[in-house]
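Here is a short briefing to read with the model open beside you.

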Amino acid sequence: MGLGNGLENKRVVILGGSSGIGLAVAEEAASQGAKVTIASSDAERVQKATECIGGEAQGQAVDVADERAVAAFFTKLGNFDHLVFTAGDSLHLQDLASTDLKQARRAFELRYWAALAAVKYGSPHIRKGGSIVLTTGVAGRRPHKGWVVAASVCGTIEALTRALAVELAPIRVNAVSPGVVRTNLWQNMSSAEREHLYESVGKSLPVGRVGEPHDIAQAYLFLMQEGFGTGQTLVVDGGTVLV
Ligand SMILES: NC(=O)c1ccc[n+]([C@@H]2O[C@H](COP(=O)([O-])OP(=O)(O)OC[C@H]3O[C@@H](n4cnc5c(N)ncnc54)[C@H](OP(=O)(O)O)[C@@H]3O)[C@@H](O)[C@H]2O)c1
């Protein structure tokens, strides 16, 4: 027997859907018959991703850090079923002593404040039975040295998810917490550094490799469809929290 609410003909909106985890969610949802709309800040990337997803996929360039643009996007979009937020920029990891606190505040702009704006302006358009899936990261539960700010953002998203589940009920609100995944998020590293990271992290994990975007996408699809869980963070990390 399938999950409670299938995605056939459901309208799924993915902010951050032009690349990585968001693009994989868009492809998987479209393959299950969902009508997908993606948005990200770069028009060219949105267009390429929309072509890649195929079917009835639509795309629009929206800077989700711009509250007015987010509000306008949802007003124009109309009603839909599921909101997925995967927008994120490259991480700036630093030890606390050399952290510039003004700059550190910016780490919350996209992952926290933009997610909150998306939920504020998107949730009134969510149809009965719909849901919201946010994105955090396993660093909130398993921080490493140098991850003080990034891990704080992740913990904040978990708390936000629980609070929104109460605030917006009966809309279900959940989050996915990935471990290291092979995506453009790591593009501020040289390709050699990046491959070294993937290899060394992968070897240290119980599953023996880092994640691929489609591994993580399955968690979003589950949370959209299962119909009963809310306020939860689903960890998909290859066992990072165990080692
Ligand atoms: N990859 C990992 O190892 C990992 C681990 C834990 C958590 N995560 C989290 O997973 C989420 C997705 O990351 P990813 O790994 O899939 O990275 P990604 O491939 O770089 O995707 C990030 C997406 O966010 C969009 N984006 C960036 N700035 C934006 C803005 N101002 N407005 C709208 N869209 C914006 C990007 O498109 P444009 O550039 O076109 O705007 C892109 O579609 C992030 O929150 C990340 O922190 C990732």
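Strands here are DSSP runs of E with at least two residues, numbered from the N terminus. With that in mind, Asn-174 is found in strand S6, which covers residues 172-178. Please remember that this is a predicted model.

**Asn-174 and its surroundings**
- Is Asn-174 buried or exposed? Its relative accessible area is 1%, and buried means under 20%, so Asn-174 is buried.
- The side chain of Asn-174 reaches the backbone oxygen of Gly-229 at 3.0 Å.
- Gly-229 is also one of the residues that Asn-174 touches, when those up to four places away in sequence are not counted.
- Others in that set of contacts include Glu-226, Thr-230, Gly-231 and Gln-232.
- Ile-132, Val-133 and Leu-134 are among the residues touched by Asn-174 too, as are Thr-161 and Leu-223.

**Aromatic rings**
- The structure holds three aromatic pairs.
- One of them joins Phe-73 and Phe-74 edge-to-face, at 5.0 Å centre to centre with 70 degrees between the planes.
- Phe-74 also pairs with Phe-80: the ring centres are 5.8 Å apart and the planes are at 25 degrees, so this pair is stacked.

- Phe-73 and Phe-74 are both buried.
- For Phe-74, the relative accessible area is 0%.
- Phe-80 is buried as well, with a relative accessible area of 0%.

Conventions: Residues numbered from 1 in each chain as written. Predicted model: local features only at pLDDT ≥ 70, side-chain atom pairs only at ≥ 80, totals over all residues. Heavy atoms only, no water. Helix = DSSP H or I, 4+ residues; strand = E, 2+ residues; numbered from the N terminus. Buried < 20%, exposed > 50% of the residue type's maximum accessible area, 1.4 Å probe, protein only. Polar contact = N/O pair within 3.5 Å; in protein donor to acceptor, adjacent residues only side chain to side chain. Contact = heavy atoms within 4.5 Å. Phe/Tyr/Trp six-rings, centres within 6.5 Å; stacked < 30°, edge-to-face > 60°.
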